[in-house]
Amino acid sequence: MANEDATTPEDLAQLLARLKDEYGVSESEIARRIGVSAATVNNWVHRKRGTGRGPNPEKLRAIAREFPKFSEDEIFAATGRKTPGPLAPAAEERLLELFRGLTAEQQEIKELELRALNEHNRSTL
């Protein structure tokens with residue numbers, strides 16, 4: 001007997017197909033509304049990697065903003081990534097103030113660490 005819970009998670013191409021059906025929009029319309037080219041959305045739909053590692057977090061958030069029937073969590077999961085946490089303006093200012101207090105060498109080290117964490121989040125769930 002097959003286990004129905006063992007289904008494969010939905011990928012971005014499948015999510016975009018559902019989105020197109022749900023909203024009655026084309027790839028070009030999705031692209032226009034989130035600020036990318038139609039070719040970019042077409043690459044996502046056809047699972048072509050291109051030169052990058054898939055949509056950047058801001059484009060994924062734009063999909064959620066423009067098509068609110070799809071949550072950020074759902075969209076990020078379809079790309080195989082965790083949803084980045086929110087960053088309130090006050091928190092951003094606190095982090096920037098802390099960063100400004102570091103030496104140039106310390107800032108460089110922290111930037112490298114943050115890049116590594118971001119890369120990790122882009123490549124794993």
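**Salt bridges in close-up**

**View 1. Glu 72 and Arg 61 meet through their side chains in a salt bridge, with 3.6 Å from N to O.** The two partners come from distant parts of the chain, since Glu 72 belongs to helix H5 and Arg 61 to helix H4 (residues 57-66), 11 residues apart. In this predicted model, Glu 72 counts as partly exposed at 29% relative accessibility, whereas Arg 61, at 17%, counts as buried. Arg 61 is given that label because buried means under 20% relative accessible area.

**View 2. A salt bridge joins Glu 74 to Arg 18, and their closest N and O atoms lie 2.5 Å apart.** This pair also links distant parts of the chain, with Glu 74 in helix H5 (residues 72-78) and Arg 18 in helix H1 (residues 12-23), 56 residues apart. Glu 74 is partly exposed, having a relative accessible area of 27%, and Arg 18 is likewise partly exposed, with a value of 37%.

**View 3. Within helix H2 (residues 27-34), Arg 33 and Glu 29 lie four residues apart, which is about one turn of the helix.** Their side chains meet in a salt bridge, at 4.0 Å from N to O. Arg 33 counts as partly exposed at 27% relative accessibility, and Glu 29 counts as partly exposed at 24%.

Key. Residues are numbered from 1 along each chain as its sequence is written. This is a predicted model: local features need pLDDT of at least 70, side-chain atom pairs count only at pLDDT 80 or more; totals for chains, interfaces and linings use all residues. Side-chain values use heavy atoms; hydrogens and water are left out. Helices (H or I, at least four residues) and strands (E, at least two) are DSSP runs, numbered from the N terminus. Buried means under 20% relative accessible area, exposed over 50%, partly exposed in between (1.4 Å probe, protein chains only).
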